[in-house]
Amino acid sequence: MIERDQLVRFLNNELQSEKIRDYCPNGLQVEGKARISRVVTGVTASQALLDAAVAANADAILVHHGYFWKNETAQVTGIKKKRLQTLLRHDINLLAYHLPLDVHPELGNNAQLGLLLNAQNINAVAAAEPTGVLMQGELAKALDVPQIAQQLEKTLQRQVLLHAVDNSIASHTVSKLAWCTGGGQGYIEQAAAAGAQLFISGEVSEQTIHLSRELGIHFIAAGHHATERYGMKALGEFIARQLGLEVQFIDIDNPA
């Protein structure tokens with residue numbers, strides 16, 4: 001068991017959250033009990049995750065997608081009321097780390113996806129900020145694009161959307177990849193400028209496919225939730241080792 005403030009300081013320091021400008025507050029979002037021994041981790045602080053954490057007798061919930069996003073309404077009504085009411089009634093702390101978790105060089109969502117891709121020579125694309133939000137790497141052996149998509153589906157246990165371009169600019173056998181987990185499809189132009197043959201993200205927008213065709217870069221959308229499960233899982237395992245806390249990752253399935 002440790003003090004809440006000790007856990008917050010540990011996470012803030014490890015994730016360097018104060019150095020990153022974000023769309024939401026990082027760190028402690030809702031204050032609960034002062035001492036913590038049991039932590040539930042998950043991707044999003046949905047009602048389903050809160051209810052599962054209550055059932056698990058958690059003292060704290062640690063997520064990637066928390067609350068109080070920029071430009072959201074300030075009123076505490078409806079869904080927001082119910083979620084906050086659950087946390088306050090059970091005196092559970094809510095901690096959230098958004099971009100700081102995406103970009104952490106070892107525990108981050110992008111770093112963990114790179115491991116799942118078995119990529120080598122991994123480094124950040126310098127033009128994309130914050131550093132680490134867009135990563136690039138190489139496969140040890142060049143693979144057909146459909147083969148990479150099949151491997152991703154097997155690893156993530158989710159059907160992916162594959163758009164393989166068919167023109168003289170691109171080859172269907174690729175070795176150089178770039179990726180940004182979650183809603184990172186907007187980085188496709190920077191991925192192409194960095195020389196990637198294939199760009200992988202969580203989501204796809206209508207314009208993404210046009211850019212893929214015109215830039216001559218293959219594209220895979222592998223799911224926002226599916227590509228961002230692994231950073232929080234890795235972070236939870238890290239704090240369990242470092243701080244001796246009981247940590248349980250709870251995956252609330254989401255097909256998006």
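Reply: Helix H2 (residues 47-55) and helix H3 (residues 78-89) cross at roughly 15°, and their axes come within 10 Å. Helices here are DSSP runs (H or I, at least four residues), numbered from the N terminus. Axes are lines fitted to C-alpha atoms over the stretch in contact, with angles from 0 to 180 degrees between N-to-C directions. This is a predicted model: local features need pLDDT of at least 70, side-chain atom pairs count only at pLDDT 80 or more, and totals for chains, interfaces and linings use all residues. Residues are numbered from 1 along each chain as its sequence is written, and side-chain values use heavy atoms, without hydrogens and water.

H2 and H3 are therefore roughly parallel to each other; that term covers angles under 35 degrees. The crossing of H2 and H3 is left-handed, that is, the near helix is turned anticlockwise from the far one by less than a right angle.

Now the touching residues. H2 brings Gln47, Leu50, Asp51 and Val54. H3 meets them with Lys82, Arg83, Thr86 and Leu87. Contact means heavy atoms within 4.5 Å. By class, the contact of H2 with H3 has three nonpolar, two polar and three charged residues. Asp, Glu, Lys and Arg count as charged; Ala, Val, Leu, Ile, Met, Phe, Trp, Tyr, Cys and Pro count as nonpolar; the others, Gly among them, count as polar.

Technical notes: Helix = DSSP H or I, 4+ residues; strand = E, 2+ residues; numbered from the N terminus. Parallel < 35°, antiparallel > 145°, perpendicular 65-115°, else oblique.
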